[in-house]
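Here is a short briefing to read alongside the sequence and the model. Take a moment with both, and then follow the points below.

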Amino acid sequence: MNRFQGKTLSWSCSDGTIELVLDRAPCNEIGSATLPELEQFIATLPVLQRDSHTIIISSARKEGFCAGADLRELYRESQPLQPADRLTRLRDFLERIHSVMNALDSVALTTIAAIEGIAFGGGFELALVCDLIIADKSARFCFPELRLGLIPGFGGIPRLKRDLGNAMVRDLLLTGRSINATKAQSIGLVSQVVAEGDALRVARSTAVQLKKFDRETAIAAKNFIKAIPHDELRREIEIFCHLFTRPAVEAGLRKFSESTDALPYLP
């Protein structure tokens, strides 16, 4: 299948480049609708990648790249359940999204995130699985989970540690502040900063350049420099599930879910 149009995302394959486009209002929150379509994309990858060299992930939403997990849905669907059942459902969701992230992280293609606007929480974590991040000047990156008494749960901490020094990891994790594209490039998180609205165009241009190189060499280079921290990723799930049971987290999620703001995660 070279083309797919779902309810929350689409993908197409042309001239060796696979484009995965997120498109769920308001800002591509990942929940019960998006996750199965991401899993469908991963299941299709073995066929798609036979004649491909690059995956570009971008957003069709003007609000930004991705705001992360659908926390309103997570809270709403967990309330009727007993505590043990809440944890079972949460763990299942986290293990499924980690499976998707790990597959994207290790795929035998070069992956590019084209970021415009916000990449918060799980959206930031989705960008971190990519080999290259190209951000326009409107891009902002943030882990806001601490405000809810949580840590990032989609693999963000181990992958950020893989890419950055510990001082910057602690800063982003413990302060919950956002950084812009220029700052992200200065710390080595973003490979290119481009004019506003230009991220996808430059990502496509980069994909054309990548096509010139031997694919097997590119795969070998990626495998050499990009180890996947499996043990830490599993530990992250355990910590997230432990924190999720605390009353303070439930109170924070309740307040978040009851907010009338369309984008309550904005600082």
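What radius of gyration would a compact globule with 267 residues have, and what does the protein chain have? A compact globule of that length would come near 18 Å, and the protein chain has 18 Å, which agrees. Please keep in mind that this is a predicted model.

**Overall picture**

- The protein chain contains 11 helices and 11 strands.
- Its C-alpha trace spans about 55 × 40 × 35 Å along the principal axes.
- Of the 267 residues in the protein chain, 51% are buried.
- Among contacts with a separation of 6 or more, 75% are between residues 24 or more positions apart.

- Strand E6 covers residues 110–115, and six of its six residues are buried.
- In a regular strand, side chains alternate between the two faces of the sheet.
- On one side of E6 sit Thr 110, Ile 112 and Ala 114, and on the other Thr 111, Ala 113 and Ile 115; all of them are buried, so both faces are covered.
- E6 pairs with strand E4 (residues 54–59) in the parallel sense over four bridges, and here Ile 57 stands opposite Ala 113.
- E6 also runs parallel to strand E8 (residues 132–136), joined by four bridges, with Ala 114 opposite Ile 134.

**A residue in E4: Ser 58**

- Ser 58 lies in strand E4.
- Is Ser 58 buried or exposed? Its relative accessibility is 4%, so Ser 58 counts as buried.
- Leaving aside residues up to four places away in sequence, Ser 58 touches Leu 20, Val 21, Leu 22, Phe 65, Ala 114 and Leu 200.
- One of these contacts, Ala 114, belongs to the buried set in E6.

**The open four-stranded sheet**

- An open sheet of four strands has the order E5-E7-E9-E10, and its pairing is mixed.
- Its edge strands are E5 (64–66) and E10 (179–180), each of which pairs on one side only.
- E5 pairs with strand E7 (residues 118–120) in the parallel sense over two bridges.
- Within that pairing, Cys 66 has Ala 119 in E7 as its bridge partner.

**Two residues to look up around helix H3**

- His 98 is found in helix H3, which covers residues 83–106.
- His 98 has a relative accessible area of 4%, so this residue is buried.
- Beyond residues up to four places away in sequence, which residues does His 98 touch? They are Gly 153, Phe 154, Gly 155, Leu 233, Glu 236 and Ile 237.
- Gln 79 is in the loop between helix H2 (71–78) and H3.
- With a relative accessible area of 27%, Gln 79 is partly exposed, because partly exposed runs from the 20% limit for buried to the 50% limit for exposed.
- Gln 79 touches Arg 86 and Glu 250, not counting residues up to four places away in sequence.
- Gln 79 and Glu 250 are 171 residues apart in sequence, and their C-alpha atoms are 9.4 Å apart in space.

How values were computed:
Residues are numbered from 1 along each chain as its sequence is written. This is a predicted model: local features need pLDDT of at least 70, side-chain atom pairs count only at pLDDT 80 or more; totals for chains, interfaces and linings use all residues. Side-chain values use heavy atoms; hydrogens and water are left out. The radius of gyration is taken over C-alpha atoms; the globule rule is 2.2 Å times the number of residues to the power 0.38. Buried means under 20% relative accessible area, exposed over 50%, partly exposed in between (1.4 Å probe, protein chains only). Contact means heavy atoms within 4.5 Å. Two strands pair if DSSP finds at least two bridges between them.
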